[in-house]
2 protein chains.
Amino acid sequence: MKGTIVWLTGLSASGKSTIATALERELSAMGVHAYVLDGDNIRRGLNADLGFSPEDRAENIRRIGEVAKLFCDAGLVVVTAFISPYRADRQRARSLVDAGDFIEVFVNASLAVCEQRDPKGHYKKARAGKLPDFTGLSAPYEPPEKPEIILDTEHDTPSECVAQVLRCLQGNGRI
Amino acid sequence: MKGTIVWLTGLSASGKSTIATALERELSAMGVHAYVLDGDNIRRGLNADLGFSPEDRAENIRRIGEVAKLFCDAGLVVVTAFISPYRADRQRARSLVDAGDFIEVFVNASLAVCEQRDPKGHYKKARAGKLPDFTGLSAPYEPPEKPEIILDTEHDTPSECVAQVLRCLQGNGRI
């Protein structure tokens with residue numbers, strides 16, 4: 001089976017990790033070999049040498065794109081859960097694999113809602129000036145122009161969002 | 001199923017890639033999800049920004065170790081085929097995963113034999129001074145002190161070597 005990259009992008013607290021984890025669980029239950037790349041396993045390991053400067057953010061996403069490509073080549077559905085705020089960086093990741101292998105998913109919630117959720121207190125810290133270059137506040141987020149999927153996490157539950165991704169993967173013959 | 005890292009180390013032309021590819025094929029035929037990391041998919045992608053200085057070689061192996069850990073975490077048998085000449089670098093890769101998850105395989109052939117094989121002409125170029133820091137000639141190779149497996153590619157065929165690795169994986173309950 002050919003692999004697929006499901007690339008989640010969105011603001012901090014938009015719901016990327018929740019959806020990624022639930023999607024991996026659903027896929028596994030269907031017998032599809034899936035794996036999540038997220039801050040927990042990437043920022044503490046492969047990219048532990050990188051910070052949050054524009055250059056390091058670009059290198060962070062470059063490496064994630066390359067690792068996602070390897071997983072895709074190995075035949076897995078790999079779900080990446082990173083803010084990945086810049087269009088050019090996401091485009092580069094997309095360009096590494098064949099058309100159709102890359103499903104860009106805009107995990108959409110307004111800044112106001114994300115800031116209200118703030119499960120890790122990052123927005124609060126950023127507002128207090130303790131987190132420089134924070135996406136949405138002091139650093140830009142460039143929403144996708146033509147994502148394969150837009151999830152509305154303000155109004156839809158995580159399981160509704162996961163179902164939406166699964167329908168796309170099935171519709172495109174990826175699973 | 002828990003994943004496993006099969007870490008091949010040895011001189012250029014010792015037979016690492018041949019064995020890695022044949023091992024991946026055998027494992028797949030057995031229904032074991034396996035994947036090879038080698039120069040083709042790593043040096044041209046994730047590590048395309050790295051050269052061959054001591055620092056870049058160390059970073060090369062560090063990243064490969066981190067990516068192998070991700071594949072292991074995803075439940076695959078991941079086979080890495082890199083010279084990985086330094087003990088400290090291999091030890092660091094080993095230390096990333098649980099004991100038993102890392103199988104170090106010394107792909108052993110003498111320098112004389114490797115240089116005679118020289119399928120890509122690298123030794124010839126290195127002897128002519130056109131490849132600096134070439135492992136075995138102008139840069140050191142530190143053989144493993146306690147590898148889980150030693151393959152004798154001077155006397156054993158690739159399929160005999162692959163069978164030896166498979167016996168180890170089976171004996172250790174990894175497949």
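What follows is a short chat about a predicted model with chains A and B.

Visitor: Start with the two chains. How many residues of chain A are in contact with chain B?
Guide: Chain A puts 13 residues in contact with 13 residues of chain B.

Visitor: Which elements of chain A give two or more residues to that side?
Guide: Those are α2 (39-46) and α3 (54-73) of chain A.

Visitor: And which one gives the most?
Guide: That is α3(A), with six residues.

Visitor: How do the residues on chain A's side divide into nonpolar, polar and charged?
Guide: On the side of chain A that touches chain B, six are nonpolar, three are polar and four are charged.

Visitor: Staying with α3(A), at what angle does it pack with α4(A)?
Guide: The angle between α3(A) and helix α4 (residues 87-95) of chain A is about 20 degrees, and their axes are 9 Å apart.

Visitor: Roughly parallel or roughly antiparallel?
Guide: Angles under 35 degrees count as roughly parallel, so α3(A) and α4(A) are roughly parallel to each other.

Visitor: Is the crossing left-handed or right-handed?
Guide: The crossing of α3(A) and α4(A) is right-handed.

Visitor: Which residues make the contact?
Guide: From α3(A) they are Ala58(A), Ile61(A), Arg62(A), Gly65(A) and Ala68(A). Helix α4(A) brings Asp89(A), Arg92(A) and Ala93(A). Sorted by type, the residues of this contact are four nonpolar, one polar and three charged.

Visitor: Over to chain B. What order do the strands of the sheet take?
Guide: The order in chain B is β2-β3-β1-β4-β5, an open sheet of five strands with parallel pairing.

Visitor: Which are the edge strands?
Guide: They are β2 (34-38) and β5 (149-152) of chain B, and each pairs on one side only.

Visitor: How many degrees are neighbouring strands turned against each other?
Guide: On average, 20 degrees for neighbouring strands of this sheet, with direction ignored.

Visitor: Zoom in on β1 and β3 of chain B. How many bridges join them?
Guide: Five bridges join β1 (residues 4-9) to β3 (residues 77-81) in chain B, and the two strands run parallel. As one of the pairs, Leu8(B) has Ala81(B) as its bridge partner in β3(B).

Visitor: What about helices in chain B: which strands does α1 lie across?
Guide: Helix α1 (residues 16-29) of chain B lies across β1, β2, β3, β4 (102-108) and β5 of chain B. It runs at about 165 degrees to β2(B).

Visitor: And α3 of chain B, which strands does that one lie across?
Guide: Helix α3 (residues 54-73) of chain B lies across β1, β2 and β3 of chain B, at about 160 degrees to β3(B).

Note on methods: Residues are numbered from 1 along each chain as its sequence is written. Chains are lettered from A and ligands numbered from 1 in the order in which they are written. This is a predicted model: local features need pLDDT of at least 70, side-chain atom pairs count only at pLDDT 80 or more; totals for chains, interfaces and linings use all residues. Two residues are in contact if their C-beta atoms, placed from the backbone, lie within 7 Å. Helices (H or I, at least four residues) and strands (E, at least two) are DSSP runs, numbered from the N terminus. Ala, Val, Leu, Ile, Met, Phe, Trp, Tyr, Cys and Pro count as nonpolar, Asp, Glu, Lys and Arg as charged, and the others, Gly among them, as polar. Two strands pair if DSSP finds at least two bridges between them. Axes are lines fitted to C-alpha atoms, for helices over the stretch in contact, and angles run from 0 to 180 degrees between N-to-C directions. Angles under 35 degrees count as roughly parallel, over 145 as roughly antiparallel, 65 to 115 as roughly perpendicular and the rest as oblique. A crossing is left-handed if the near helix is turned anticlockwise from the far one by less than a right angle, and right-handed if clockwise.
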